[in-house]
Amino acid sequence: MKNLFETMNDHISIRSYKDKEIDKENIDNILDYLMKSPTSIGMQMASLIKVEDPNIKEKISKVCNQDYIATIPGLIVFVVDLYRNTKIKEEIESKKIEKVTMDKFYQAFTDGVIMATNFSNLLEAEGYGTVFLGSILNNSQKIIELLNLPKFTFPIVAIGYGYSDGSETKKKPKMDKDLRVFTDSYKILPSYLEAFKEYDEIFYKYYEENNRDYLETFTNKAAKSIDMGLIERDEMLKVIRSQGFDLKV
Ligand SMILES: Cc1cc2nc3c(=O)[nH]c(=O)nc-3n(C[C@H](O)[C@H](O)[C@H](O)COP(=O)(O)O)c2cc1C
């Protein structure tokens, strides 16, 4: 097992896997450790769903618009889970809960993100390849239906994992920490194009050498990405509301 520093230093998202079963016992063991993650007010308001049914994987791959997910060896969806605690409240107070606040939603969402991050690091430390899948939110309602998510729950992110087939080995260059780490107050730069000149070159070179389909500078990609996104994702707030969360807008 690698230590955390090595694990994070070696990180690359993996989207191409060997057709090799994962060791369920090993994953089960990792999940025991995952349960030790910090959690907002100690209330453990996130859960996860191991997706093993090939039919469900296939349908999730359609939502994510990524074919490899249909046969990915491991897939886990992290979910906001206020169902459990509202049921406890209902049993104690013998009355039905109609709504849960957005504050609770955010707490649970953060819990889920922390668990997903820990899961990905633990898997990578154990030698698995992983990929985060935010694209499950391309159609959150569909994911809710596929996984039978009850009221007061909502999908957050999925992690796909398995043994890398070794075809992806180049680390994607990240920007220098001076551009993202500030002290005491947010640092506003006089020109972002100027500040990103060096990173633009490194970024462009990476795609030149590894994936010409996406050949672009970081700044061009960042500018375009601001307006990018599926119209279906605009429905997300409506779905969150229909799951019983009180948006207060
Ligand atoms: C919250 C989140 C959601 C992501 N969603 C997807 C996704 O849906 N599909 C995908 O192929 N990669 C996804 N990724 C992976 C990113 O594309 C990847 O981390 C990024 O390009 C940097 O590459 P690296 O992880 O290899 O360093 C996601 C990453 C994060 C953190």
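Which residues are closest to the ligand? They are Ser 13, Phe 132, Gly 134, Ser 135 and Lys 172, among 13 residues that surround the ligand; a residue counts as near if its C-beta atom, placed from the backbone, lies within 6 Å. Please note that this is a predicted model, in which local features need pLDDT of at least 70, side-chain atom pairs count only at pLDDT 80 or more, and totals for chains, interfaces and linings use all residues. Residues are numbered from 1 along each chain as its sequence is written.

Strand S4, residues 129-133, gives the most to this shell, with three residues; strands are DSSP runs of E, at least two residues, and helices runs of H or I, at least four, numbered from the N terminus. The shell has six nonpolar, five polar and two charged residues. Here Ala, Val, Leu, Ile, Met, Phe, Trp, Tyr, Cys and Pro count as nonpolar, Asp, Glu, Lys and Arg as charged, and the others, Gly among them, as polar.

I turn now to the helices. H2 (residues 24-34) packs against H5 (residues 102-125) at about 135°, with axes 10 Å apart; axes are lines fitted to C-alpha atoms over the stretch in contact, and angles run from 0 to 180 degrees between N-to-C directions.
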